[in-house]
Amino acid sequence: MERCDFVLGQAVGEFEKRFADYCGVSHAVGVASGTDALHLAFRALDVGPGDEVILPAMTFVATALGVVLAGATPVLADVRDADGLLDLDKAAAAVTDKTRAVCPVHLFGQCMESGPLLDFARERGLLLVEDAAQAHGAYDGKVRAGSFGHAACFSFYPGKNLGAYGDGGAVCTPDPETDRRLRMLRNYGSPKKYLHEEFGTNSRLDTLQAAVLNVKLARLDAWNRRRAELAALYDQALANIPGVTLTAFRPDSVYHLYVIRVPNRDRVLAALNEAGIGAGIHYPYTVHEAGMFSHLFAGQEFPVAEDWARRSISLPLYAEMPEQAVERAARVLKKTL
Ligand SMILES: *Cc1c(COP(=O)(O)O)cnc(C)c1O
């Protein structure tokens, strides 16, 4: 504030470098939100009108919104029953001669396997854009979320594993040209003051938010480890309860959310909330059920994604959560069921 360094300031450049290093990629570009990260990543990769992008039917709507904002057409594929991530067999069946990109989502903090995704994209000549908005720091067993796509999109919404004190986002890319395009697109299409080369927008990561993120990034791994420890306590406490389906999390997930599936979900949720337990639903509707997309997906069915939407419940999980709160949530859940 003393430097009046509010827009594209020093802290933004520092954070971009640190976050790229953290993810294991050569470039990161700060933008205003995760939604804009997706929108601008597709624009920077020249995915637009007439192009189709395949994404999972179970994700936050912003994944599909990013595609639509770039002028392209979202095409949905169903997800895996075990963990809610994109089912690549279903994605393969959704490929047409208009498909330009596939956009897997590292849902709930779990990084989807990079090897099969890279093969999937390479064999079909597609771009791979990761939606890593829930997976800062997650590994797929080998590499980090955000490190293997042509572009990878992050959100720093306060509730994410790495959250700012307001909105923010970033795109990671290994490609210097994509990095250059993103820097123009986020700043009125401008490579240099008052030169405007392409139809850009105003979508910059705020300097104050970057300053917050620089402090918090240093603590992210410790927070993620704590989330995994608490999730392991949930796993133990909830094992072998009839009716409860645990999600198949790998240990190198960063547990953005601790999601299970239960019968009579809405009644169970109400009972937990009445007992003062801040459980929620991620997400109560699939992408094809969102009103704003009804014209795009009318008549389509994604039974596995729909099952997640009907039966899933997210139990409270955050790094500072006391262990007794995990035990209490598990106890109340058991009693409720
Ligand atoms: C949060 C989120 C986004 C959108 O990020 P915003 O910063 O809220 O715009 C996109 N995709 C997924 C999977 C998310 O969880």
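**Stop 1: the pocket lining**

Begin with the lining of the largest pocket: 8 of its residues are nonpolar, 10 polar and 3 charged. Here Ala, Val, Leu, Ile, Met, Phe, Trp, Tyr, Cys and Pro count as nonpolar, Asp, Glu, Lys and Arg as charged, and the others, Gly among them, as polar. The model is predicted: local features need pLDDT of at least 70 and side-chain atom pairs pLDDT 80 or more, while totals for chains, interfaces and linings use all residues. Residues are numbered from 1 along each chain as its sequence is written, and side-chain values use heavy atoms, without hydrogens and water.

Now select Phe-60, Ser-155, Tyr-157, Lys-160 and Tyr-283. Of the 21 lining residues, these lie nearest the pocket's centre. A pocket is an open set of points on a 1 Å grid over the protein atoms alone, where a 1.4 Å probe fits, with protein on both sides within 12 Å along at least five of seven lines; lining residues have an atom within 4 Å of a point. The space in this pocket is about 380 Å³, a volume being the space filled by probe spheres set on the points, which are joined across faces, edges and corners.

Which elements give two or more residues to the lining? They are helix H2 (34-44) and helix H3 (62-69). H2 gives the most, with 3 residues. Helices (H or I, at least four residues) and strands (E, at least two) are DSSP runs, numbered from the N terminus.

Stay with Tyr-283. It is in the loop between helix H9 (265-274) and helix H10 (294-297). Check its bond to His-282: the peptide is cis, with omega about 10°.

**Stop 2: the nonpolar core**

Select Phe-19 and Phe-42. In the largest nonpolar core, of 113 residues, these two touch the most other members. Such a core is a set of buried Ala, Val, Leu, Ile, Met, Phe, Trp, Tyr and Cys residues joined through side-chain atoms within 4.5 Å. Buried means under 20% relative accessible area, exposed over 50%, and partly exposed in between (1.4 Å probe, protein chains only). Helix H1 (residues 10-23) gives the most to this core, with 7 residues.

Show what surrounds Phe-42. Leaving aside neighbours within four places in sequence, its contacts include Val-47, Val-53, Ala-101 and Val-129. Contact means heavy atoms within 4.5 Å.

**Stop 3: covered strands**

Select strand E7 (residues 169-173). Are its residues buried or exposed? 5 of its 5 residues are buried. Gly-169, Val-171 and Thr-173 lie on one side, Ala-170 and Cys-172 on the other.

Two strands pair if DSSP finds at least two bridges between them. Val-29 has Val-171 as its bridge partner. Phe-154 stands opposite Ala-170.

Move to strand E2 (residues 52-56). It is largely enclosed by the rest of the structure, because 5 of its 5 residues are buried. Glu-52, Ile-54 and Pro-56 point one way, Val-53 and Leu-55 the other. E2 pairs with strand E3 (residues 73-77) in the parallel sense over 5 bridges. Glu-52 stands opposite Thr-73.

**Stop 4: an open sheet**

Select E8, E9 and E10. They form an open sheet of 3 strands in that order, with antiparallel pairing. Strand E8 (245-246) and strand E10 (312-315) are the edges, each pairing on one side only. E8 is joined to strand E9 (residues 258-261) by 2 bridges. Thr-245 stands opposite Arg-261.

**Stop 5: single residues**

Go to the loop between strand E4 (99-102) and helix H5 (114-124), where His-106 is found. His-106 counts as buried, because its relative accessibility is 0%. Phe-108 is in the loop between E4 and H5 as well. Its phi is positive, about 65°, although it is not a glycine.

Leu-8, in the segment before H1, also has a positive phi, near 50°. Its relative accessible area is 31%, so it is partly exposed.

Finish at Leu-230, in helix H8 (residues 220-238). It is buried, with 0% relative accessibility. Among its contacts, leaving aside neighbours within four places in sequence, are Leu-317, Met-321 and Val-326.
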